[in-house]
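I opened the model and kept short notes on what I looked up. The entries follow in the order I made them.

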Amino acid sequence: MSELVPFRSSEYERRVERTRERMLEAGLDALLVTDPSNMNYLTGYESWSFYVHQGVLLTLDHDPVWIGREMDAKSAEVTTWMDDDHVLSYTDDYVQSPHDKHPMDYVATVVEEFGYDDRTLGVEMDAYYYTAKSHARLTDQLSEADVEDATLLVNWIRLKKTDAEIEYMEQAAQLAETGMQAAVDTIGEGVRESDTAAAIYDGLIGGTEAFGGDYPAIVPLMPSGEYTGTPHLSWSDREFESGDPVIVELAGCKHRYHCPMARTLTVGEPDPEMAETAEIVMGGLQDALDAVEPGVTAEEVEAVWSKSIAKHGIEKDSRLGYSTGIGYPPDWGEHTASLRPGDETVLEENMTFHMIPGIWFDDFGVEISETFRVTKHGAETLADFDRDLFVV
């Protein structure tokens, strides 16, 4: 394998076998994986090629094969653990073709050649890059197959991390610290938001002396001033003004493994209401982290947070957090367990979550978050960065 493959082949083989076990439980003979995160998880594939149709086909009796655009085949050869003959590609005339050609036509021929055109095939119907037209073309070409929705089958396998995966997330945490420090050092009256964003990227990707970073699945989010009640704004060329609150949410990323983090700053002294809200958020965050241990459910952790902030007359109707790990644009979440009412997922060792207890009002908001790993002793936060309301 090339040096671009981040894990040993035995790690990928273990993942494939676990996936086959889940396929058998779901009654699937074959699985077409199109979520880039799941493709990466099973094969190591890494390339900015998810804007065209691609996938990994896994069956119960064949090793996985990568299927994608011809010009991306070399990327598959150098970033996956598989032999080169498991890399299959379609010609460029399939790409965004004005004629009646679609990459799923080629995928269907591969399924047929494997002898699975009349078997049960799972597809990820709610994956971002598996389009309605993709599904229509595939099912039309495989009219004898039973095509079933297997959207989160691989995602749930990813929930528990190995020590090697945790190591990359710990490196991502160091990158997050570097990026957040750049934000604290840069934000100030008269500074453009865009200049701070540039400094953050320099920290996230420039990294440390020991290692650099990868591009995160989400851009740094940085609402400021009256817009901090709007959590998912990025940045503009607006200049920070005295009295502005600023929320910074970002993530370090190493080999596609993420460590998200959010902090809140003010340009000059905060008003009393914002300072009080920050104290409430920090207290509730710590209470919820203290409740984490193997055997508790996701909803039980959220209930501790809700009880903590309810003492101050505050309710939060959005989830407290979510599982995180491998990510590609547009999200670093795993789309499985969430820290919210009704989620009965039982926490186990080496699950990883981004706990983001944001509170947003019409005119300001506060976010202070941590990514944590579940250990036998409780929650272990991956990053080491002050949670204070920063005054710059």
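**Entry: Thr80**

I began with the side chain of Thr80, which reaches the backbone oxygen of Ala76 at 2.6 Å. I count a polar contact as a pair of N or O atoms within 3.5 Å; within protein, one must be able to donate a hydrogen and the other to accept it, and residues adjacent in sequence count only if both atoms are side-chain atoms. The model is predicted, so local features need pLDDT of at least 70 and side-chain atom pairs count only at pLDDT 80 or more, while totals for chains, interfaces and linings use all residues. Residues are numbered from 1 along each chain as its sequence is written, and side-chain values use heavy atoms, with hydrogens and water left out.

I placed Thr80 in the loop between α3 (73-79) and β4 (87-90). Helices (H or I, at least four residues) and strands (E, at least two) are DSSP runs, numbered from the N terminus. Is Thr80 buried or exposed? Thr80 is buried, because its relative accessible area is 2%. The classes are buried under 20% relative accessible area, exposed over 50%, and partly exposed in between (1.4 Å probe, protein chains only). I then listed contacts (heavy atoms within 4.5 Å). Beyond its neighbours within four places in sequence, Thr80 touches Val5, Thr43, Gly44 and Tyr45.

**Entry: salt bridges**

How many salt bridges does the structure hold? I found 19. The criterion is a side-chain nitrogen of Lys or Arg within 4 Å of a carboxyl oxygen of Asp or Glu. Side chains of opposite charge can pair when their charged atoms come close.

I looked up Glu11 and Arg15, whose side chains form a salt bridge at 3.1 Å, N to O. Both residues sit in helix α1 (residues 9-26), 4 residues apart, which is about one turn of the helix. Glu11 is buried at 12% relative accessible area. Arg15 is buried too, at 0%.

Next came Arg119 and Asp29, with a salt bridge of 3.5 Å, N to O. This pair links distant parts of the chain, 90 residues apart. Arg119 is in the loop between α4 (103-113) and β5 (120-123), and Asp29 is in the loop between α1 and β1 (30-33). Arg119 counts as partly exposed because its relative accessibility is 33%. Asp29, at 17%, counts as buried.

Arg238 and Asp244 were my next pair, with a salt bridge of 2.8 Å, N to O. Arg238 is partly exposed at 22%. Asp244 is buried at 6%. I also noted a network: salt bridges that share partners join Glu11, Arg14, Arg15 and Glu165.

**Entry: Val191**

I found Val191 in the loop between α7 (163-186) and α8 (193-206). Val191 is partly exposed, because its relative accessibility is 21%. Which residues does Val191 contact, leaving aside its neighbours within four places in sequence? They are Thr186, Thr196, Arg238, Glu239 and Phe240. I also checked Asp237, 46 residues away along the chain from Val191: the C-alpha atoms are separated by 9.0 Å.

**Entry: cysteines**

I searched the whole structure for disulfides (cysteine sulfur atoms within 2.5 Å). The search gave 0. For Cys253, the nearest cysteine sulfur is that of Cys259, 11 Å away. Cys253 is buried at 1% relative accessible area. Cys259 is buried at 0%.

**Entry: pocket and cavities**

I worked on a 1 Å grid over the protein atoms alone. A cavity is a set of points where a 1.4 Å probe fits but cannot get out; a pocket is an open set with protein on both sides within 12 Å along at least five of seven lines; lining residues have an atom within 4 Å of a point. Points are joined across faces, edges and corners, and a volume is the space filled by probe spheres set on the points.

The largest pocket holds about 480 Å³. Of its 23 lining residues, the closest to the centre are His232, Glu249, Arg319, Tyr322 and Asp331. β9 (321-328) and β10 (331-339) are the elements giving two or more residues to this lining. β10 has the largest share, 7 residues.

I counted 2 cavities of 30 Å³ or more. The largest cavity has about 100 Å³. Of its 16 lining residues, Asp35, Ser37, Tyr128, Asp331 and His335 are the closest to its centre. Which element gives the most to this cavity lining? β10 does, with 4 residues.
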